[in-house]
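Here is a friendly tour of one protein model and its ligand. Please keep the viewer open as you read.

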Amino acid sequence: MSLIDHIAAAPDLAALDALRVAALGKSGEITAALKSLGPMTPEERSVEGPKIHARREEVTAAITARKNALEAAILDARLATEKLDLSLPARETPRGSVHPVSQVMDELTEIFADMGFAVAEGPEIEDDWHNFTALNIPETHPARAMHDTFYVTPAAGEDAAPMVLRTHTSPVQIRTMMAGKPPIRIIAPGRVYRSDSDATHTPMFHQIEGLVIDKGINMGHLKWTLLTFLKAFFEREDVAIRMFASYFPFTEPSADVQVGWKFENGRRVIGGSENWMEVLGAGMVHPRVIANCGLDPDEWQGFAFGTGVDRLAMLKYGMSDLRAFFDGDLRWMKHYGFSALTVPTLSGGIGA
Ligand code: PHE
């Protein structure tokens, strides 16, 4: 077999390198041939020189070709073993699960998106103006005391206005009205904070706010929206609500919204009108709040509502202790968590 054949048949990179050294290395055959040119006469050299150089070119090219082929084969083999088919469905049951709060937020988003609401957000560390003053809760207002506010004090020497951890999602109303022009239809789900802790209160919990600003909006629109949402959320046609006069500084008139419930197979379920519980705060946005956001309250009206997301999750999925929501206990998550692979849709079913 010729040297060129040996090179072409080299089984691996190590064998190929041995052949290269034998031909082109210090004491290699071609190196020796090149050295033999030295003592030759100019005539001999002009005959032998080109032959030896051509031979060296030929061998070098053969080595390069074989090297490329071997390296490509190595890469192919690696790609074949490391292949990952992303179109395959998960073969193992996924280990993680979706927290009931996330699940319920997804459900609410789906329901309100279907009614034409966008999702709005605001910061959890909020300034006093957005959390209180703009919402018609001035500094001396007793409603501030209702909120058990966490204050964020500026660092010593820092000349900054004191901030609060937002006590409700209502400041997102203000931010939304200031940022865009009506008509406005938004929901704002998110974390809120109050200094409170027992079986039904945790210092951090979740609310969802709703806000509609348009022309000619009235309490009838509010009632229809809430009833439609509650029916979709609890997935029952027999959901009933009733509204009582209440007080919030940022709505006028204000209403507490109660939903009917009953015992079904020994379980408390939403539906019917045998018993009532309060589930939402709501009302027509106070004209002063609309004006605080730079809009003309004679031109624009609207309604707002707010409710606890964790509370909705407890009512729908049957948990009794709110604190367990935030303990991070895997056994609780296994029991109450939701599959990451099923997304709530109105057509496929809102619940899981
Ligand atoms: N922000 C109120 C609360 O935290 C709820 C609410 C929102 C009431 C919007 C009326 C309108 O209790």
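## About the model

This is a predicted model, in which local features need pLDDT of at least 70, side-chain atom pairs count only at pLDDT 80 or more, and totals for chains, interfaces and linings use all residues. Residues are numbered from 1 along each chain as its sequence is written, and side-chain values use heavy atoms, with hydrogens and water left out.

## The ligand site

Some polar contacts (pairs of N or O atoms within 3.5 Å) are worth a look. Ser170 places a polar side-chain atom 2.9 Å from a nitrogen atom of the ligand, while a polar side-chain atom of Arg194 is 2.9 Å from a ligand oxygen atom. In the side chain of Gln207, an N or O atom lies 3.0 Å from an oxygen atom of the ligand. Taken alone, the ligand exposes 330 Å², and the protein buries 90% of that (Shrake-Rupley method, 1.4 Å probe). Helices (H or I, at least four residues) and strands (E, at least two) are DSSP runs, numbered from the N terminus.

Elsewhere, 3 strands form an open antiparallel sheet in the order 2-4-3; two strands pair if DSSP finds at least two bridges between them. Its edge strands, strand 2 (125-127) and strand 3 (151-152), each pair on one side only.

Strand 2 and strand 4 (residues 163-165) run antiparallel and are joined by 3 bridges. Across from Asp127 you will find Met163 in strand 4.

## Backbone details

Where are the cis peptide bonds described here? One joins Pro182 and Pro183, with omega about 0°, and Pro183 lies in the loop between helix 8 (171-179) and strand 5 (184-193). Another runs from Glu252 to Pro253, with omega near -5°; Pro253 lies in strand 8 (residues 251-264).

Finally, Asn136 has a positive phi, near 70°, in a residue other than glycine. Asn136 is in the loop between helix 6 (128-131) and helix 7 (143-146).

Definitions and conventions
Polar contact = N/O pair within 3.5 Å; in protein donor to acceptor, adjacent residues only side chain to side chain.
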